[in-house]
Amino acid sequence: FIDITERKQEEEALKLFRTLIDRSNDAIEIIDPETGRFLDVNEKGCQELGYSREEFLGLSIFDIDPILDKSNFISLGEELRKSGNLLWEGYHRRKNGSTFPVEVNIKYVQLDRNYMITVVRDITERKLAEEKLQESERFLNKSQAVSKIGSYVLDFNTGEWKSSHELNNIFGITANDKHTFDEWLSCIHPDHQKMMQEYFTQVIVSKKQRFDKEYKIINKKTGK
């Protein structure tokens with residue numbers, strides 16, 4: 001009679017672990033650091049690229065990464081051995097030839113042998129959102145330039161403010177200049193400085209009201 005309870009428990013634990021890996025929302029790949037060939041992959045990885053598991057395990061990283069080649073793969077391996085893990089953004093190529101942006105988190109693991117373990121996330125929606133935001137910012141900057149209107153966002157915790165390109169032009173400052181209360185106050189005409197300092201502290205800071213006040217400024221670039 002042989003007690004196989006422990007072996008059964010180990011098998012169940014491995015089965016559970018595999019199920020959790022396959023149900024991950026991210027693609028998980030195990031790569032041979034010497035050859036770049038795939039040693040294992042979860043279901044998400046197969047689904048995202050349109051391969052069966054058998055097909056996927058017949059591929060290497062060079063088949064799905066349109067940028068990576070054997071030369072920079074060697075450099076990647078050397079850097080990974082030193083740091084232990086890397087994070088970067090790139091592209092993956094599907095079976096049908098189309099590509100999509102990904103965020104890759106890769107770790108170097110030493111067990112019975114050396115492995116590269118990657119967690120790959122499809123960031124298509126994130127990139128689209130970033131592009132829409134950039135497009136909106138370009139439109140806002142163009143609109144403000146035409147109408148000669150600037151905008152800013154004030155951080156009450158730090159006392160610093162971020163301004164649009166057109167507002168910088170109006171004040172005669174650059175994005176690299178300090179954007180603090182004192183810097184803003186120095187842009188105001190001397191005749192209006194005391195009035196605006198009181199308005200800012202009593203209305204904007206104390207009451208958290210919307211800024212709605214006309215005042216004179218001196219363009220720091222032109223002096224006018």
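The ground rules come before that. This is a predicted model, in which local features need pLDDT of at least 70 and side-chain atom pairs count only at pLDDT 80 or more, while totals for chains, interfaces and linings use all residues. Residues are numbered from 1 along each chain as its sequence is written, and side-chain values use heavy atoms, with hydrogens and water left out.

The element names come from DSSP runs: helices are H or I with at least four residues, strands are E with at least two, and the numbering starts at the N terminus. Two strands pair if DSSP finds at least two bridges between them.

Start with the hairpin. Strand β3, residues 85-93, and strand β4, residues 99-110, run antiparallel and are joined by nine bridges. Asparagine 85 faces lysine 107 of β4. Five residues lie between the strands of this hairpin, and there glycine 97 adopts a positive phi near 95 degrees.

Next, salt bridges. The criterion is a side-chain nitrogen of Lys or Arg within 4 Å of a carboxyl oxygen of Asp or Glu. There are 12 salt bridges in the structure. I will also quote relative accessible area, where buried is under 20%, exposed is over 50% and partly exposed is in between, with a 1.4 Å probe and protein chains only.

One of the bridges joins aspartate 26 and arginine 121, at 2.8 Å from N to O. Aspartate 26 is in the loop between α1 (5-22) and β1 (27-31) and arginine 121 is in strand β5 (residues 114-122), so this pair ties together parts 95 residues apart in sequence. Aspartate 26 is buried at 12% relative accessibility, whereas arginine 121 is partly exposed at 41%.

Glutamate 89 and arginine 126 make another, at 3.4 Å from N to O. That pair links distant parts of the chain, with glutamate 89 in strand β3 and arginine 126 in helix α6 (residues 124-147), 37 residues apart. Glutamate 89 is partly exposed at 42%, and arginine 126 is partly exposed at 32%.

Within helix α6, where does the pair of glutamate 130 and lysine 127 stand in terms of helical turns? The two are three residues apart, which means a separation of about one helical turn. Their side chains form a salt bridge at 3.6 Å, N to O. Glutamate 130 is partly exposed at 31% relative accessibility, and lysine 127 is partly exposed at 24%. Through shared partners, salt bridges connect Glu89, Glu103, Arg126, Lys127 and Glu130 into one network.

Aspartate 65 is in the loop between α4 (61-64) and α5 (70-83). Which side chain of opposite charge is nearest to aspartate 65? Counting Lys and Arg as positive and Asp and Glu as negative, with His and the chain ends not counted, it is arginine 93, 7.2 Å away, and buried aspartate 65 has no salt bridge. The side chain of aspartate 65 does reach the backbone nitrogen of isoleucine 67, at 2.9 Å.

On to the aromatic rings. Rings of Phe, Tyr and Trp (its six-membered ring) pair if their centres lie within 6.5 Å; planes under 30 degrees apart count as stacked, over 60 as edge-to-face and the rest as tilted. By this rule there are 12 aromatic pairs. For tryptophan 184 and tyrosine 215, the ring centres are 5.9 Å apart and the planes are at 80 degrees, so the pair is edge-to-face. It links distant parts of the chain: tryptophan 184 is in helix α8 (residues 181-186) and tyrosine 215 in the segment after α9 (190-205), 31 residues apart. Tryptophan 184 is buried at 8%, while tyrosine 215 is partly exposed at 23%.

Lysine 208, in the segment after α9, has a positive phi of about 55 degrees although it is not a glycine. As background, most residues other than glycine have a negative phi. Lysine 208 is exposed, at 54% relative accessibility. Proline 33, in the loop between β1 and β2 (38-41), is buried at 8%.

Key: A polar contact is a pair of N or O atoms within 3.5 Å; within protein, one must be able to donate a hydrogen and the other to accept it, and residues adjacent in sequence count only if both atoms are side-chain atoms.
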